[in-house]
Amino acid sequence: MTVLLWILGILAAPAVLFALWLAWVFLKEFFSPSPDDDADAAEAAAAGKAAEKLGLLPVERQNTEHAAPLPADWAAALTAVRAGDWRPAAELLSGIGRDWERRSAAGYLLAERAAEEDEWLLAWETARPDDPDAAVVRARSTVILAWKLRGAKTGEHTTREQAEGFHRTLRGAREEIARAAALNPDDPTPYIAEIWVALGLGYPNAEMEKLWAQITTRAPHHYEAHFSALQYWCAKWRGSERLAFDFAERAAAEAPAGSLLTALPLIAHFEHDDSDDTAADNTPQMLARVEAALADVAAADPAHPRLPELRHLLAFYLHLQDRDEAALEQFKLVDGHVNALPWRYRGDGMARHFCQVRDTVAHRVTAAD
């Protein structure tokens, strides 16, 4: 027995020594980082200091709810509904009137709140039963609620209960959408909400085309409508890479300057680019897309509610194209708010990702001076 134990001990010794060596390597790396780690940390610190010197905000001061500061009356309406008062929201949408871009953007923010807590919206509906503004907020909030029930994970990680609640609520939203559309026949906003029903329930392409016609007859170059429809045509949902680019390029080519629809080819590229380097971002076609977007931004109404979203995209792609001074200009204009593509897809890490790219750009620009 003693001999057997000695043999087992001899055989086990190499494994024990190997385990001890691995532990030593781990501890050495943990307490004494490699030169590469030291260099990366030093570079990140230098980049952070460059951004700080330019007055740019740190990660913890980035707003992750919006892409830009809200207009004062929008912020006031949201504050009021959180306190249960619907009247400022009603005044806001009534005052916006037929400015469909602002109506859909402001209405979405109110609908987001109603999807969380809707007592104030119920009070509005009770006081004004046939108010088209209350109806469109209700329709949009029902669609938003459906997507909240689904969750943000991919299909294979969505439970049956989540999927059933998602589909049931989306089907119910169609009635709310139809009511909002009937109460304000000129408004494209209810149909824009239905795009997300089409995406979730899997409308056939032909049915989506009919829905799209309802929107474009009312607002042919509506930014949010085009952004939403592009998601439908992407390969990850109901289309393909070719269909997404066909839709994006056609819309951008037909839109007037200042419409911001030059964002669409950039978004289509972002949604379908799975490369590991920046070669795909520096093709002649991508360089031309960025130039077109810069011209679009210059021609846009400075108060366009979606302008900051295109600035975020431009900052990202200008950086990838090594046009750091131009990228920094866009970063300065949006700094402080980060809920936009491409940062948004990082979830809780969106502010950190934004600051990492921005700081790198700031460091390169200041180092070159």
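## Ground rules

This is a predicted model, where local features need pLDDT of at least 70 and side-chain atom pairs count only at pLDDT 80 or more, while totals for chains, interfaces and linings use all residues. Residues are numbered from 1 along each chain as its sequence is written, and side-chain values use heavy atoms, with hydrogens and water left out.

## Overall picture

The protein has 17 helices and zero strands (DSSP runs, H or I of at least four residues for helices and E of at least two for strands, numbered from the N terminus). Of its 369 residues, 45% are buried (under 20% relative accessible area, 1.4 Å probe, protein chains only). Take contacts (heavy atoms within 4.5 Å) between residues at least 6 apart in sequence: 70% of them link residues at least 24 apart.

## Helix 8 against helix 9

Helix 8 (residues 160-183) and helix 9 (residues 189-201) have axes that come within 10 Å and cross at roughly 160° (lines fitted to C-alpha atoms over the stretch in contact, with angles from 0 to 180 degrees between N-to-C directions). That makes the two helices roughly antiparallel (over 145 degrees).

Residues meeting across this pair include Phe166, Leu170 and Ile177 in helix 8, and Tyr191, Trp196 and Val197 in helix 9.

## The core

The largest nonpolar core holds 101 residues (buried Ala, Val, Leu, Ile, Met, Phe, Trp, Tyr and Cys joined through side-chain atoms within 4.5 Å). Trp120, Trp124, Val137, Leu230, Leu310 and Tyr317 touch the most other members.

Leaving out residues up to four places away in sequence, Trp120 touches Val81, Gly84, Trp86, Leu110, Arg113, Ala114 and Val137.

Note on methods: Parallel < 35°, antiparallel > 145°, perpendicular 65-115°, else oblique. Buried < 20%, exposed > 50% of the residue type's maximum accessible area, 1.4 Å probe, protein only.
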